[in-house]
Amino acid sequence: MTTTSLVTSDFEWPQSALGSFPGLHATRNEERTNQIYLPPELLVLGHAVDLILARIECESRQAAKRIRRLIDEFGGSLSFSPARECQKLQVDLSLVSRQFKKLYRVTMRSYSRQIRMTTAEGLLKESNHLNIDEVARIFGYSFTSAFSRCFQLSFGKRPKRYQMQRGSSLQWRTIQGSIVKPQSSIEA
C-alpha cells in the first residue's frame, strides 16, 4: 500500500494552526520538525483501493472459471466468445485473461483450441458420413483450410488423412480374437 506523507521541516507551525490538524500534537519545536503527518483520508483511501483491487481480482477469477466451463460446454467452438461473456459479466477481458493463465497455465485461446481439436477428433472417429467441410463448419470455421491446419498442428495429420486411416481400420474389427466384417448399413 502506498501512502503519501507530508513531512514538516524547517517550518514553524503557529500555535493556532495546531488545533486544526488532529494528527499533529503540540510538542516542542524540535520534535515538531521531525514528526510525520499522515492525513487520515489517505489511510482510508489506501485501504479502500486495496479492497477494490481484491474484489476485482476475485471477480475476474470467477469469470475465468466460468469461461473455462463454457469453453468445455461448447466444445471449444468458435461461436463462443470470451469477450462477449466478459461484457455480459461486466469484467475486463484482459484481467480475466490474466487470471485464466494464472489458474490453468494456458491462455484462453490455446485452451479453446485444444478442446476444439479434441472434440473434432472424436467427431471424426465416430462418424464416417461427415466430410471435413461439415466438421469445420460445426466448430465455427469459415475456411476448411484453417480447420485443417489447426488439426494438423494438434495431431500431426490432416483431418482427411486421419479420417481415412480411421475408416480403413474400422472396416475390419477384432471381436474376441476373431476377425469379423462390420455389418453393412444397406442390409435390412
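Colleague: What counts as a pocket here?
Modeller: On a 1 Å grid over the protein atoms alone, a pocket is an open set of points where a 1.4 Å probe fits, with protein on both sides within 12 Å along at least five of seven lines, and its lining residues have an atom within 4 Å of a point. The model is predicted, so local features need pLDDT of at least 70 and side-chain atom pairs count only at pLDDT 80 or more, while totals for chains, interfaces and linings use all residues. Residues are numbered from 1 along each chain as its sequence is written, and side-chain values use heavy atoms, with hydrogens and water left out.

Colleague: OK, which residues line the largest pocket?
Modeller: The lining of the largest pocket consists of Ile71, Ser77, Leu78, Phe80, Pro82, Leu93, Ser97, Met108, Arg109, Ser112, Arg113 and Arg116. Two elements give two or more residues to that lining, namely helix H5 (93-104) and helix H6 (108-126), where helices are DSSP runs (H or I, at least four residues) numbered from the N terminus.

Colleague: And which helix gives the most?
Modeller: H6 does, contributing five residues to the lining of the largest pocket.

Colleague: Back to H5 then, which of its residues are buried?
Modeller: Val96, Gln99 and Phe100 are buried in H5, with buried meaning under 20% relative accessible area, exposed over 50% and partly exposed in between (1.4 Å probe, protein chains only).

Colleague: Where do they sit around the helix?
Modeller: Looking down the axis of H5, the buried residues fall within an arc of 105° (taken from the directions from the helix axis to the C-beta atoms), so they line one face of the helix. On the other side of H5, Arg98 and Lys102 are exposed.

Colleague: What about Phe151 and Phe155?
Modeller: Their ring centres are 4.8 Å apart and their planes stand at 45°, so Phe151 and Phe155 form a tilted pair. Both residues lie in helix H8 (residues 144-155), four residues apart, which is about one turn of the helix.

Methods:
Phe/Tyr/Trp six-rings, centres within 6.5 Å; stacked < 30°, edge-to-face > 60°.
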